[in-house]
Structure formats: C-alpha cells, structure tokens
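Subject: Structure handover

Hi,

Here is the structure I promised.

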Amino acid sequence: EDDRGDGPAGSGRAERQAEMKRGAKRKKRSRKRLRRELQHRMDLTCELAQALVLNEGCDAADVYALARDIMPVPFHKVENVMRLKLLVSWFQQTFKATAAQPIDPAHGQHVIKVLRSKAGTRLSLVRAFVALTRSVAVPSRLVMALCPRPRLSMATSKRQRTGRPTKRSASAALGATGEGQEPFAAWVEVMVLQGKEMASTASGAQPTEGGETAEKQWAGHWVPLDPLGGSATVGNPLGVGTASPYVVAVGPGGHVCDVTARYVTRWSEVAKARHNGTDGWWDVFTLDPLRNGAAQWVAHEPHLSNLQRETFGYSMSADVTQAEDGDLDERARAEAMPTNAEGFRRHRSLVLGRHMARHEGVKPGTEAVGTF
C-alpha cells in the first residue's frame, strides 16, 4: 500500500511533494519579483543620471555669462508671482520652439547655441530658461518626468499574457530619440524669493553704522511653470507635467528632490509603479548623496557670485527641503478615498482591515471615516 500511495504513508508523501512544488513556485515568484525590482531601480538610476547630465549643462560658467547678458534687468529679481508671469511672457515672445533634433547634453555648448539663436527644441528651451534664471541668482529647478521599466504588476502581467505590447521605458527609448522625439517631459520650478536686511554681529559681513553688520534673511517658495505654455501655467502644478511614477526636480549643482506628489491627483495610483521603499534605497542612498554633493558645489564653485551662493544655498537648505518634503507628504495623505479596494493598499492615510498584516495595527482612538 505504501508503494502504491494508497495508504497513510503514500498520502503523506503526496502532500510533501505538493508542498515542495508550492515552495518551488513561491521561490520562483520571489526571484522574479526581485529581478523586476532590480531592473526597475537600474532603469530609474539611468534616467536620473540622464537628467543630471542635462542639468549640468545649465550650470557651466560660459552659459551663465551669456545668459546674464541676455536676461533683461527688470527680471534680475523675481520677488512675486506677477513678475514671474511677466518673465514667462517675455521668454515665450523671445524664444521659439523648433522640431526636435538629437542633442548632445554632455556640456553647455548646446545651451549656448540655443541662447544665441533663441530657438530650439522644447527640452532645449526649458534648459535655456533654467540657465537664464540661475545666471541672475534666481533659484530654479529642471523638473523631469521619469518612466522607468515598471515593477511586477497585474496590469503588466495581463498585457504580457495577452500578447499586447508593453510600454517601453524612457531610458530604453533614448537610443531611438530622433526627429519629433524627446526623451523626457520637462518643465521648470522657480523659487519666488524675497530677502530683507537684518542687523547682525556675525563675522564676515560688512559693518554698518553703529558697528553692526547687515545680513539678508531669505524666504521663498517653489512655483511650477511651463516656460513655453504661457503665464497661465505659473503656479498650476496640474497644468504642467504628466502622470508619471517619478517626477524629479534637479536644482543647481545637481540637487535632486522627488516632487511626484505635487503633480499627481491620486498618489495610490502611481505608488504601485514605484520602487519598494522599505530599504531607503531611493531617499537615503540615492538622493541624499546628490544633495550633499550639490551643497559642496555651491560652496566651492569658483564662478558663482556671492549672491548666487546665498540664494542657491537657501533653496537647498535643510529647512527648505524638510518643509517641502512635509508639504508633499501632506498632499499625498490628502488624497480622496480610492474608488477600488486595490487603491487602499498604497494610500497614505486610509486602510482596509482586510489588507492589514498580523503585525500591523491602527493607533488607539482611530475612527472609521467611511465604508467601502
């Protein structure tokens, strides 16, 4: 009976074999998820590197020198949104967009060419706008929508099973970029910056009457805009950009912030296409070193003026960055109630009891806000 599998021993052997098969399938799925996660991160890293190279061309010394001569004197200070709208209107009237052509973003020569000819592709003109504002010490960031290869998801699996084509990542398409194609959707964020003189006895400042020294205290906030879309896009985050799983803002010296939450209406919809954030790979090991390197660049780059060091340094200071991160987190938490059960899995503030693991719980005093 044991050999034929009809007795108790044969039944136990069959159960063990079935469990071994299930275990092998679980390991296979786990390896597949890990492989897709690594591919996703590698693709995202390549696209971020491309964005950093595009931004680097805006910070060259010869680019700043030419841009400063072109920039009208009334726009050497952008202290309110109204002046920023006037700047966008002037730029739209002065610079003209042309058909997309392959570009070489490895240096600032292409940006210089665009500044001199006052014509270029959409991406080139966005970079030119960033160079113009930075040249007069107005902090600005090159904002790009990144679309890396998606992680393992139900939508992707269904497309693969049915034979329908899957979406290519932006970095995979870089090699095919040509006429009418550009690798990234790009726009700008400009800091509307105000400064006031304050009496101080800090060393290094110029003394005033009475033996005191004058320091300038800065205050500002980031304003999104599309320099080619007109003044109507100023301050309207939903009027620029795309619903991408990653939107990064690259500032002077390569200071990078993840501002995705500012440009999406439903965070839970894009969160499922993002990396697994439990190990700190993105925030701690990728973005923080870039931010530290940008701070060193601002402090030691010889072609920057003192005013540029002050304004750029303020725009990437820890207080400003932490305040922005907190605001973006609040935006994500303020998302409306999802329309399907899957949306609750990645919602920042709402959860279904069925999705909670054994080791998870809610804070004491938490009340239900609705039924689903």
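Arg22 is partly exposed, with 43% relative accessible area (buried is under 20%, exposed over 50%, partly exposed in between; 1.4 Å probe, protein chains only). The model is predicted: local features need pLDDT of at least 70, side-chain atom pairs count only at pLDDT 80 or more, and totals for chains, interfaces and linings use all residues. Numbering runs from 1 along each chain as its sequence is written, and side-chain values use heavy atoms, without hydrogens and water.

Arg22 forms a salt bridge with Glu19, at 2.7 Å from N to O (the term means a Lys or Arg side-chain nitrogen within 4 Å of an Asp or Glu carboxyl oxygen). Both residues sit in helix 1 (residues 8-56), three residues apart, about one turn of the helix. Helices are DSSP runs of H or I, at least four residues, numbered from the N terminus. Glu19 is partly exposed too, at 36%.

The structure holds 14 salt bridges. Two others:

- Asp279 pairs with Arg41 at 3.0 Å, N to O. The two are 238 residues apart: Asp279 is in the loop between helix 7 (267-271) and helix 8 (283-300), Arg41 in helix 1. Asp279 is partly exposed at 40%; Arg41 is buried at 12%.
- Asp59 pairs with Arg134 at 2.9 Å, N to O. Asp59 lies in the loop between helix 1 and helix 2, Arg134 in helix 5 (residues 122-135). Both are buried.

There is also a salt-bridge network, linking Arg141, Glu189, Arg262 and Glu324.

Last, the helix contact. Asp62, Val63, Leu66, Ala67 and Ile70 in helix 2 meet Gln109, Val111, Ile112, Leu115 and Arg116 in helix 4 (contact: heavy atoms within 4.5 Å).

Best wishes
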